Amino acid sequence: MNTFAKLTAAASFALSLAIVPAHAGAVLDHVLDAKTLKVATDANWAPQSFMNEKNEMDGFDVDVAKELAKRLGVGVEFVTPGWDIITAGNWQGRWDMHVGSMTPTKERAKVFDFPAVYYYTPAAVAVHKDSPVVGLIDLDDKIVGATATSTFEAYAKQDLTLDAAGAPAFEYTFKPKEVKSYANSTTAFDDLRLGDGVRLDAVVSSLPSIRDAIKAGYPIKQVGDPVFYEPLAVAVEHGDKELSDKIAEAIKAMQDDGTLSKLSEEWYGVDYTVVK
């Protein structure tokens, strides 16, 4: 029985190593062997990432991921788990990296490496077009929606820490009565479009997403100036420095040759790859 127990323990340990490649330092080798980079991102967060009319992943983050894969010499496959699942870590080889506008923070750095910041984006507040709100201070004691576990939710809860390099200082401009959590910004916009105060009084999200929703016909409007600016990075789990180095090298090349600026102008009409 002693021998059997030892063999079982050894087998269990070997299996645990096999299903957690991020900690084995072999993710890059796996990507190159499979000739496919598996990327986690959001399927419902235009213009960053979304399903287009051809039922294909599209958007700024998607194009950045495709270019990264191209420069690694492999194909790309997208998976779309929830944001809370992505940010929880413990990916267990289900995907190789996240390209989905994640803000690097000290808390997240306990789980992830952030090889490269690839753009900076303003966060803003949207209200229904019929809202009497004039300034952000008018949202005191109101009900505000935001994506769960996002920097937008943290801001609304007055619990945001932006400790990444290049992140400008910010101030809290209102104190909600309640903050409602959503799977993504689009579902929050869906509640806001029902009418002023029906389910929500406002939504905190990225300014590009707010503008894209308005362009798509949502009866909402931006109120006030952006509430904070955040650097956004590619994320990988700890354990594969070679993969992080390759990503950093590719992003640097994309910055130097203008590829990132071109993609930003294409999707946002603004070059968000530099701090304004």
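**The open sheet and its surroundings**

Mentor: In this predicted model, Met102 stands opposite Ala233 of strand S11. Strand S6, residues 97-102, and strand S11, residues 220-237, pair in the antiparallel sense over two bridges. Both belong to an open sheet of eight strands, whose order is S5-S1-S6-S11-S7-S10-S8-S9 and whose pairing is mixed. At the edges stand strand S5 (75-79) and strand S9 (178-182); each has a single partner strand, so one side of each is left without a neighbour in the sheet. On average, neighbouring strands of this sheet are turned by 25° against each other, direction ignored.

Two helices may be considered next. Helix H6, residues 185-192, lies across strands S7 (112-128), S8 (143-147), S9, S10 (202-206) and S11. Its direction makes an angle of about 150° with S10. Helix H7 spans residues 207-215, and its buried residues are Leu207, Pro208, Ser209, Ile210 and Ala213. The cover over these buried residues includes the sheet strands S7, S10 and S11, together with helix H6, strand S2 (44-45) and helix H9 (259-268). After H7 comes Gly217, which has a positive phi near 105°.

A further helix, H3, covers residues 60-72 and contains Glu67. The relative accessibility of Glu67 is 16%, and because buried means under 20%, this residue counts as buried. Neighbours within four places in sequence aside, Glu67 is in contact with Met254 and Thr259.

As to open space, the largest pocket holds about 370 Å³. It is lined by 17 residues, of which Thr105, Glu107, Arg108, Thr149 and Ala154 are the closest to its centre. Helix H5, residues 151-156, supplies three lining residues, the largest share.

Finally, the wider setting can be given from the record. An unreviewed UniProt entry places the feature "domain: Solute-binding protein family 3/N-terminal" at residues 36-271. Over residues 36-271, the chain is 29% helix and 31% strand, and its end C-alpha atoms are 29 Å apart.

Note on methods: Residues numbered from 1 in each chain as written. Predicted model: local features only at pLDDT ≥ 70, side-chain atom pairs only at ≥ 80, totals over all residues. Heavy atoms only, no water. Pairing = 2+ DSSP bridges. Helix = DSSP H or I, 4+ residues; strand = E, 2+ residues; numbered from the N terminus. Axes fitted to C-alpha atoms, helices over the stretch in contact; angles between N-to-C directions. Contact = heavy atoms within 4.5 Å. Buried < 20%, exposed > 50% of the residue type's maximum accessible area, 1.4 Å probe, protein only. UniProt positions renumbered as here; feature names shortened; annotations may be inferred. 1 Å grid on protein atoms, 1.4 Å probe; cavity = no way out; pocket = protein on both sides within 12 Å on 5 of 7 lines; lining within 4 Å. Points joined across faces, edges and corners; volume = space filled by probe spheres on them.
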